[in-house]
Protein chains: 4
Amino acid sequence: MEGTPKRPSNQELLLQEILQEALELPLSGEVANYIPALASVNPNQCGIAVANLDGEVHMAGDANVPFSIQSVSKVYGLTMAMLRMGDDLWRRVHMEPSGQAFNSIVQLEWEHGIPRNPFINAGAIVVADTLVSHYSSSKSAFTSFVRNLADNQDIYVNQGIFQSEKSHGNRNAALAYLMKSFGNIEAEVEDTLDHYFFQCSIDMSCADVARSLSFLANRGVQPHSGEQIVTRRDAHRINAILQTSGMYDQSGEFAFEVGLPAKSGVGGGIVAIVPNYGVICAWSPRLNQYGNSCLGMYMITRLAEKLGLSVY
Amino acid sequence: MEGTPKRPSNQELLLQEILQEALELPLSGEVANYIPALASVNPNQCGIAVANLDGEVHMAGDANVPFSIQSVSKVYGLTMAMLRMGDDLWRRVHMEPSGQAFNSIVQLEWEHGIPRNPFINAGAIVVADTLVSHYSSSKSAFTSFVRNLADNQDIYVNQGIFQSEKSHGNRNAALAYLMKSFGNIEAEVEDTLDHYFFQCSIDMSCADVARSLSFLANRGVQPHSGEQIVTRRDAHRINAILQTSGMYDQSGEFAFEVGLPAKSGVGGGIVAIVPNYGVICAWSPRLNQYGNSCLGMYMITRLAEKLGLSVY
Amino acid sequence: MEGTPKRPSNQELLLQEILQEALELPLSGEVANYIPALASVNPNQCGIAVANLDGEVHMAGDANVPFSIQSVSKVYGLTMAMLRMGDDLWRRVHMEPSGQAFNSIVQLEWEHGIPRNPFINAGAIVVADTLVSHYSSSKSAFTSFVRNLADNQDIYVNQGIFQSEKSHGNRNAALAYLMKSFGNIEAEVEDTLDHYFFQCSIDMSCADVARSLSFLANRGVQPHSGEQIVTRRDAHRINAILQTSGMYDQSGEFAFEVGLPAKSGVGGGIVAIVPNYGVICAWSPRLNQYGNSCLGMYMITRLAEKLGLSVY
Amino acid sequence: MEGTPKRPSNQELLLQEILQEALELPLSGEVANYIPALASVNPNQCGIAVANLDGEVHMAGDANVPFSIQSVSKVYGLTMAMLRMGDDLWRRVHMEPSGQAFNSIVQLEWEHGIPRNPFINAGAIVVADTLVSHYSSSKSAFTSFVRNLADNQDIYVNQGIFQSEKSHGNRNAALAYLMKSFGNIEAEVEDTLDHYFFQCSIDMSCADVARSLSFLANRGVQPHSGEQIVTRRDAHRINAILQTSGMYDQSGEFAFEVGLPAKSGVGGGIVAIVPNYGVICAWSPRLNQYGNSCLGMYMITRLAEKLGLSVY
């Protein structure tokens, strides 16, 4: 009825309850500070969104506030590269868990420039390299891809973050040059890093992220559009890599405690896939020692418990 | 009707078809040869069994032939230790994927004697140490536990394998002494290794293994007895560790291609858990470069494809 | 007497004898081929020179043919940096043997961007960085320094090698960016690498190299000019680092078999310091598995044996 | 003349002066505490002895007090093994610096059970293994060898230290079992470790140590007896390994600052070889972060400076 505010659904009530619990926890964790532009975010923001397979998105808190997706972008990059390269991709990046801190250069040396998986920085740089090589303009292709998935044309790169990433990217440059010395970077290192930092610097909201990745919970089909984004098999495969490698060096613990494929970013976002149910995205900037959002972990863990969402 | 052989079920027909495909593949892989007793097995044996949640076990090939379970024993050991120690266990062994060859000593050094997970050798030795410390006779406790799970009192240790393991166990002794130097082995190293080699040397058939671990596919309840072996939460957690770490340095690839929690052993056995469906155990002695059974991998992959069994 | 050729000295006869022995050895080793410009050198060239403390230089074979000094340049760079920075240098590079292949990135990661010593690539890049930061034109300062030491104004960079190094320098770029990420590179990485590749690409003859480093055998004083290049103490210190770290991962063996401080380069040159006696430089392009000249090793070893030159 | 005390020589006056300087330094360092028996030593003891090539031994402070030689024993073990095995020894242990903390297991794994040099624990265990295999009673052979070198029959193992070492030797057991898994330990691990801990537990004074190793400064000939202990070449070689690897992860710095081959032990002893001059042994129990005696380092450094003793 006109003029009447929509009543919150049961799921929204649950999300609000969990958000409230999270906000009452003692503060812990620190905002990412390796680049100034990230460090200046308001640390008290907190939101959660769930995209169901009927196309609805339920939300609580700051679920519509855009944040820096950072490593969550690796999921989009991987999807694009799998579409473009097919199984050739897996000759340039493996799909094994890394068992190391998220940006360690040691394993890359041992394994001759082939990164362990596409969700460690080295692997995502290789993925970025394939996009730079395959697209005339990989950055605009990336933005278009994400906008279409999220059904939202108002998704942009954050220029402040982008420039900041570029000027603090020495470690990623080291990874890229090391891989180039092994022959596993095809484009110019500068161009590959430019794309990589660009995709990390995209701003999206919890609602955007949850909606955009719904196809992973739905056998490859985007619920709101009916479009087959990837094959059922590739949706399963992306989920598998998320499960073993999506949460930095806390991936095993997250599988153990929550049991869902997930990806986090140092902007404080975490997205978790619930096959045949939907996609959860939680966001809050303070990070634990592994680089995962403290409140994001809490909220997703609680929601999974309450709804019994483990894949096991 | 008296005298009439039971007709094979549809599932048995499917298992036989897949077994037949496997047997027609070009031979590849080598039988484990690090101990003479394992190297002498007939390499051409091949079997598969599926235990469904109704308590039925379907079989094909050598599914009733006992084989050396080797690292599959780590699942039983972990279950016993979780029951005995609760969450205290996780202060002595982590649950992160290892990202290394299955018996590497390097990571153990870096992480001060705390193994990455209970399915690498170091982790299973810590688990064995907890059993030695908590049971007056850990070896007979282990055998009883497995016999009850499998509902089969005719499960025994293979003395030839056991002695052979003990006399070729220098690397595992190195792991154990290194952990003891970090204070993470409580019993005498000799006693802990004695238990560890004992449990690796148990012989079981595919049918035994599949039936015995059915509780993992059934929220902790053993279907044929109705007994709650572990909590639903712990069943999920064991599956999570199987998924990220059960298949040596091919764990990521197995999650990627098959999407099921699984554990393999160098005796050629592989067990895969299908939550809410059942447990598959395949066996054939020839191993690929990662130590996983070539035909075992093939048969489980095919069955999962044909029945759409991925958790994702 | 006018018109009469100078008779070879006893030392020259000895050098010719050793050279002859070397040339009669079965061929072994390969010319460095990581850059095309190095790979095209005539592999059969072979020379040796000894600069005595009286200022005389004795020679045999191709001792006057300029070759690419490559890592021998690290000795000049280190000397310049010690002169410029004093003991501050040792906060940015250590003086411990590396125990790794000469360009490994692993140890650099473990030790937070501080290279183990100035003779591994990472350490020499830090040294280059100090020169770039301290000189308005570090490349011409380097050339001048070497020319004066060698008392030869006809020493030049090889432009073909220089360009080739720059276009194949991805691994060194990785080292430099990694150190920059730890804050241990002050200048722009590009400028530091430009200097580093420049100094590696200088061409000098055995005679040039032997004469130029004579001060290291003479308590810091250049014999032919009487100039005090470095303090006695610093001459000792440079010799110490040469002894423990100058011959890549064959440094221990060279100390063991020969007992002299020495530095080799992948251009095939090796220079050895004999305190209070003189400096030997041998050159031949074929390298052994460690990157050291096969015939250079042979000739210096033989000469040291015959003359009893070990410091021990 | 009867009743008249011998006047101190100039060298003794110098030693006393340096000792006095050392005793006036602010206290620093900690006594080794990994075994209780070592931790109970009086930390304020301090002595220095110099054995000259004329057979005289000059002393100051507690130079006649026996202390636990610990890793200094590795020099005797190596000498015995070289005498027994000749160059075959070098197939089982290398002579390259290790570039790692003194007991790291990582490099041993990388290099397939061949230790980098005989002065890291793993290398000394291999040396011990050769002695156990070659002697019917390696422990008494060791004691006899040392007594003869020192010309002192009153040298004994310290039983308290020996038992303490054996019961705290888990890390060394890990090294030994790891090497055995690679086939590089021939005897039973228990027997090899028994010998290794025995030789570490010998008590000797500064005067004993200095006199016993005089042959290393004298081309293999023991000055007081005229006996050729090893060839001139092997004396040089032992000195070379001492120079590159004798002072744990401070070996490079010691070569850099002092310029003498040397070996230290966690009992607080340090012995330095001065070719063609003599042998210095200093002792004081407090250790720096590398496991080297603080005052021992100081006294040897000062003496070398004052007498200009560097090999360079």
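Two residues count as in contact if their C-beta atoms, placed from the backbone, lie within 7 Å. With that rule I looked up chain A against chain D: they do not touch, and their nearest C-alpha atoms are 11 Å apart.

**Ground rules.** I am reading a predicted model, in which local features need pLDDT of at least 70, side-chain atom pairs count only at pLDDT 80 or more, and totals for chains, interfaces and linings use all residues. Residues are numbered from 1 along each chain as its sequence is written, and chains are lettered from A and ligands numbered from 1 in the order in which they are written.

**Confidence.** I checked pLDDT, the predictor's confidence in each residue, from 0 to 100. Chain A has a mean of 94, and 97% of its residues reach 70 or more. For the complex I noted an ipTM of 0.94 and a pTM of 0.94, both from the predictor.

**Chains B and C.** Chain B does not touch chain C. Their nearest C-alpha atoms lie 11 Å apart.

**Chains B and A.** Here I found contact: 29 residues of chain B meet 29 residues of chain A. I then asked which elements of chain B give two or more residues to this side. They are α11 (232-245) and α12 (251-257). Helices here are DSSP runs (H or I, at least four residues), strands likewise (E, at least two), numbered from the N terminus. α11(B) gives the most, with eight residues. I sorted the side of chain B by class and got 10 nonpolar, 14 polar and five charged residues. In this scheme Ala, Val, Leu, Ile, Met, Phe, Trp, Tyr, Cys and Pro are nonpolar, Asp, Glu, Lys and Arg are charged, and the others, Gly among them, are polar.

The same surface serves both: 100% of the contact residues of chain B recur in chain A.

**Chains D and C.** Last, I looked at this pair. Contact involves 29 residues of chain D and 29 residues of chain C. α11 (232-245) and α12 (251-257) of chain D each give two or more residues to the side that touches chain C. α11(D) gives the most, eight residues. By class I recorded 10 nonpolar, 14 polar and five charged residues on this side of chain D.
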